Amino acid sequence: MYEKIQPPSEGSKIRFEAGKPIVPDNPIIPFIRGDGAGVDIWPATERVLDAAVAKAYGGQRKITWFKVYAGDEACDLYGTYQYLPEDTLTAIREYGVAIKGPLTTPIGGGIRSLNVALRQIFDLYACVRPCRYYTGTPSPHRTPEQLDVVVYRENTEDIYLGIEWKQGDPTGDRLIKLLNEDFIPNSPSLGKKQIRLDSGIGIKPISKTGSQRLIRRAIEHALRLEGRKRHVTLVHKGNIMKFTEGAFRDWGYELATTEFRTDCVTERESWILANQESKPDLSLEDNARLIEPGYDAMTPEKQAAVVAEVKAVLDSIGATHGNGQWKSKVLVDDRIADSIFQQIQTRPGEYSVLATMNLNGDYISDAAAAVVGGLGMAPGANIGDEAAIFEATHGAAPKHAGLDRINPGSVILSGVMMLEYLGWQEAADLITKGISQAIANREVTYDLARLMEPAVDQPLKCSEFAEAIVKHFDD
């Protein structure tokens, strides 16, 4: 079954039912050490994860690690350009949950990105990126502690699907000619637009299926939260790309108001219900005026549509969501992508779970990570219905390899996400506490030490930071 690796002789497999992991007390979990500084980061991560599980469960639970290979290390074992050997794919497919360090971009033909390839192969459609602040972490933001968001980024569609042709490619030229001559002139929404003949061209597919399964996970995440954190924001550029990004928004609202009708309220619905609660005798027309400030300037047809919307909301969910009941529901709203970039800085406390398409999510998750201290402390997960891979969000940093100095926080916190995914919350909480206390005590690696005020004179090594985290389990 395997060419060059041997699975552990003990431990059990994780299986999946209805997209959820069924986890034994002794799961076998494949790990990819990672390239470059992965040689330092992974041992530190394994030390922290094993210590947390042992302390939380007193030996009743244990992870059995299974080393598999990808990136440069795989080429050393399997041969030149064997960046993602079949052994590794078989192991992840068999055991379901894996964790990995940073990987380099392959040189030569074949795979453009190992990370993207893994997401596509295992249909890991939800890229999950939590961004929260740990006290003491240096940040360029004045109030980084106000930001505590989780980005759910669609992982398999949008421009990352990689359907494109470079300028001058014969197939791309044929497609441009076909669009210019046969399709664009016949589309009322495109008017007289034409694609320049010297263009590169790409296709941006956004499907209802892909959008709603991602948004479903975002809503399910919000349902596990409490208070104002029960909030999902659909992030899009639908004001410009109406049939891709605008559709993502519309499909999100459709999902919230059908499959999750009992548990969700949209922003506009909350306005209508709140208006009626504050003034029980409010007319439908006056309620419409409150939710649409330009109501009186609208045509009679548009006014009638808004009034009909108000009536439909009150009739359909007034009994189940009215009288303040909507305040305990998951609030679903939407924001334009460029607006979110400034709002997570100017109004960070207003957001909780962001559901985005691939490209927007790529930008937003890194921007949010910068607010709370950078990618060195930013974990990530790629989750599907039959597999999940937890990973570092930063690069391999080969110049630091073997120096025992790099910050292992990203992979360690990705391990926290993995433990939470397994349902091992007690172990996850120990690590979160340990990291928080280590940073608060200024026990940090060089990347954080040099940015603290005053700077830390003797930063910890990578391995020492892991030991500091474990030490604080007992605090």
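**View 1. Ser113, a partly exposed serine with a relative accessible area of 25%.** Partly exposed is the range between buried (under 20% relative accessible area) and exposed (over 50%), with a 1.4 Å probe and protein chains only. This is a predicted model: local features need pLDDT of at least 70, side-chain atom pairs count only at pLDDT 80 or more, and totals for chains, interfaces and linings use all residues. Residues are numbered from 1 along each chain as its sequence is written, and side-chain values use heavy atoms, with hydrogens and water left out.

Ser113 sits in the loop between strand 5 (97–100) and helix 4 (114–121). Helices (H or I, at least four residues) and strands (E, at least two) are DSSP runs, numbered from the N terminus. The Ser113 side chain reaches the backbone nitrogen of Asn115 at 3.4 Å. An unreviewed UniProt entry places "modified residue: Phosphoserine" at Ser113; such annotations may be inferred rather than shown by experiment.

**View 2. A nonpolar surface patch of Leu161, Ile163 and Ile203.** Together these residues have about 200 Å² of accessible area (Shrake-Rupley method, 1.4 Å probe). Patch residues have over 30% relative accessible area and no salt bridge; nonpolar side chains are joined within 5 Å. A salt bridge is a side-chain nitrogen of Lys or Arg within 4 Å of a carboxyl oxygen of Asp or Glu. Ile163 is partly exposed, at 31%. Its place is the loop between strand 7 (148–154) and strand 8 (164–165).

**View 3. Ile240, an exposed loop residue.** The relative accessible area of Ile240 is 59%. The loop runs between strand 10 (231–236) and helix 7 (245–256). Ile240 and Ile336 are 96 residues apart in sequence; C-alpha to C-alpha, they are 9.9 Å apart in space.

Conventions
Polar contact = N/O pair within 3.5 Å; in protein donor to acceptor, adjacent residues only side chain to side chain. Patch = residues over 30% accessible without salt bridge, like charges linked within 9 Å, V, L, I, M, F, W, Y side chains within 5 Å.
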